[in-house]
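Q: Could you take me through the reading of a single model, feature by feature, with the general idea stated ahead of each case?

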Amino acid sequence: DINYMENRMPGAKQAVRFSYIRKPSGSPQLHNYTQPTFYIVRDAGRRTDTMRYYMASQKVIATTIRKYDEQGRVAEEWKTGITERTTHSIYEYGLYNLCTKSVNYQNDTLISTDTYEYVFDNHGNFTKRKRYTNGRIINVLYRRIYYN
């Protein structure tokens, strides 16, 4: 099962195409691809998935492991990149299963706590989300939703 995504950076002459490969559990072979590839392994029993990002040389340059709760939401996430630093995030959810808090660690040291505040419309969809990091507002997302 292969899906593709193209990403063009502003000013770039050519888009980068990523392949997403979903590998069934127990399959030992990683196929050879000549482009950057995300390789995803799901483990339904443990409610986890592992995503590895390979370059054309087949070298892993990033790994993300996600653990899901009973409702299918990401409960914890671990990321490792080229620098070998590991980040670990723990998520909490609130109304409408939206993330309300993430506690973020790097190499087992607390680096930040993100909290989210939402404003909802009459249909229960959020139209505004404020993100705070360590108590300071760092981002406000506005959504305009049109209903027929």
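Q: Which residues make up the largest nonpolar core?

A: Tyr 116 is one of the 5 residues of the largest nonpolar core, together with Leu 98, Cys 99, Tyr 118 and Phe 126.

Q: How should the confidence of the model be read, and what is the average pLDDT of the protein chain?

A: The general idea is that where pLDDT is low, the predicted coordinates should not be read in detail. In this case the protein chain averages a pLDDT of 78, and 68% of the residues score at least 70. Over residues 21–25 the pLDDT is below 50, and this stretch has 19 contacts in the model beyond near neighbours in sequence. Residues 30–34 also have a pLDDT below 50, with 10 contacts beyond near neighbours in sequence.

Q: Do strands E6 and E7 run parallel or antiparallel, and how many bridges join them?

A: Strand E6 (residues 74–80) and strand E7 (residues 86–93) run antiparallel and are joined by 5 bridges; within this pairing, Glu 76 has Ile 90 in E7 as its bridge partner. E6 and E7 form a hairpin with 5 residues between them, and in the turn Glu 84 has a positive phi of about 70°.

Q: How many bridges join E7 to E8?

A: E7 and E8 are joined by 7 bridges and run antiparallel, with Ser 89 standing opposite Asn 104 in E8. These two strands form a hairpin with 5 residues between them, where Tyr 96 in the turn has a positive phi of about 60°.

Q: Why does Asp 108 count as exposed, and why does Asn 107 count as partly exposed?

A: Asp 108 counts as exposed because its relative accessibility is 77%, and exposed means over 50%. Asn 107 counts as partly exposed because its relative accessibility is 44%, which lies between the 20% and 50% cut-offs.

Note on methods:
Residues numbered from 1 in each chain as written. Predicted model: local features only at pLDDT ≥ 70, side-chain atom pairs only at ≥ 80, totals over all residues. Heavy atoms only, no water. Buried < 20%, exposed > 50% of the residue type's maximum accessible area, 1.4 Å probe, protein only. pLDDT = per-residue confidence, 0-100. Contact = heavy atoms within 4.5 Å. Pairing = 2+ DSSP bridges. Helix = DSSP H or I, 4+ residues; strand = E, 2+ residues; numbered from the N terminus. Core = buried A, V, L, I, M, F, W, Y, C linked by side-chain atoms within 4.5 Å.
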